[in-house]
Amino acid sequence: MNEENFIAGIYNYCDRWCERCNYTDRCRLFRTDAEKDIQHILYDEDPHDPKVFTKDIEDSLNEAMQMLMEKLKEMNIDPEDIQSEELPPEPVFESYPINNLAEEFTKSMDLLDNLYNSYSEKIKEGLLKENLTQELREINEGLSVFGWYSPQVFVKTKRLIRAHEEYFGQEDEKMREIDEEELFVTGKLLYIAVTNSLSALNNLHEHCSEFNSEILEHISLLTRINEELMKMYPEIPEYRRPYFD
Ligand code: SF4
């Protein structure tokens, strides 16, 4: 592949759902992960083997460092300046209402588990027979979307709080620019995770009546998370990430 075909740093703006991404052929991260998978198959390596797993993590960290250096170079920032900076203090996460709601929302993993246990066999059977009813198709889509985005709510909320504090504690103008982009991209990704999880749950609510009360409870939690996000950053829904919005 021609190196110039890659879009530098595109993976910093995406929701990492490569299966549904239009940029797989222009994304270095996708290519690296695919190559890693091929290597595991060729060398008969088990990616869960601690040795293989550790090597993969080391490679990923080296690649991340290389990507960071490229980004700094692009922005004319000397890495030495960053290394001499003190690390910002750990945020007091509990002082942010959005954090406490996102923590409560981690119980959505149980809901997801229960939904999978109830429907995955029927969906598999329908797919095998190429005879998936419209209702099961919608449940399948709802589960895929909820399964992909709901875990991101907690992760992105934590990241947003960090980015929020880093941005407001940053005195260097150039670094503030980087922090601002990080802040808005993270906020947008959280917004996407929340709104997509909400729409998946609304969809599942129509079809999975036995889970209605849990689903409604999670819809209410997500709505409150979204309200908190809008209080912090009302401009987030309009923010446009490069390439994706
Ligand atoms: S840009 Fe697309 S292909 Fe690359 S990591 Fe993100 S979702 Fe995956």
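Two residues are taken to be in contact if their C-beta atoms, placed from the backbone, lie within 7 Å. The structure is a predicted model, in which local features need pLDDT of at least 70 and side-chain atom pairs count only at pLDDT 80 or more, while totals for chains, interfaces and linings use all residues. Residues are numbered from 1 along each chain as its sequence is written.

**Domains.** The protein chain is assigned domain 1 (3–83) and domain 2 (93–238), with bounds that come from an automatic or database domain assignment. Six residues of domain 1 are in contact with six residues of domain 2. The side of domain 1 that touches domain 2 has four nonpolar, one polar and one charged residues. Here Ala, Val, Leu, Ile, Met, Phe, Trp, Tyr, Cys and Pro count as nonpolar, Asp, Glu, Lys and Arg as charged, and the others, Gly among them, as polar. The C-alpha centres of the two domains lie 24 Å apart.

**Overall fold.** The protein chain has eight helices and zero strands; helices (H or I, at least four residues) and strands (E, at least two) are DSSP runs, numbered from the N terminus. Along the principal axes, the C-alpha atoms fill a box of roughly 60 × 50 × 35 Å. Of the 245 residues, 22% count as buried. A residue is buried if 20 or more other C-beta atoms lie within 10 Å of its own, exposed if 12 or fewer, and partly exposed in between, with C-beta atoms placed from the backbone. Among contacts between residues at least 6 apart in sequence, 68% join residues at least 24 apart.

**Helix H8.** This helix (residues 212–232) has 21 residues and reaches 30 Å from its first C-alpha to its last, close to the 30 Å expected at 1.5 Å a residue; the expected span is 1.5 Å times one less than the number of residues. Its buried residues are Ile 215, His 218, Leu 221, Leu 222, Ile 225, Asn 226 and Leu 229. They lie on the same side of H8 because they cover an arc of only 140 degrees around the axis, the arc being that of the directions from the helix axis to the C-beta atoms. On the other side of H8, Asn 212, Ser 213, Leu 216, Ser 220, Glu 227 and Lys 231 are exposed. The cover over the buried residues of H8 includes these helices:

| Helix | Residues |
|---|---|
| H4 | residues 97–105 |
| H5 | residues 108–128 |
| H6 | residues 134–169 |
| H7 | residues 173–207 |

**Ligand.** The residues around the ligand include Cys 14, Cys 18, Cys 21 and Cys 27, along with Arg 16 and Thr 24.

Notes: A residue is near a molecule or strand if its C-beta atom, placed from the backbone, lies within 6 Å of it.
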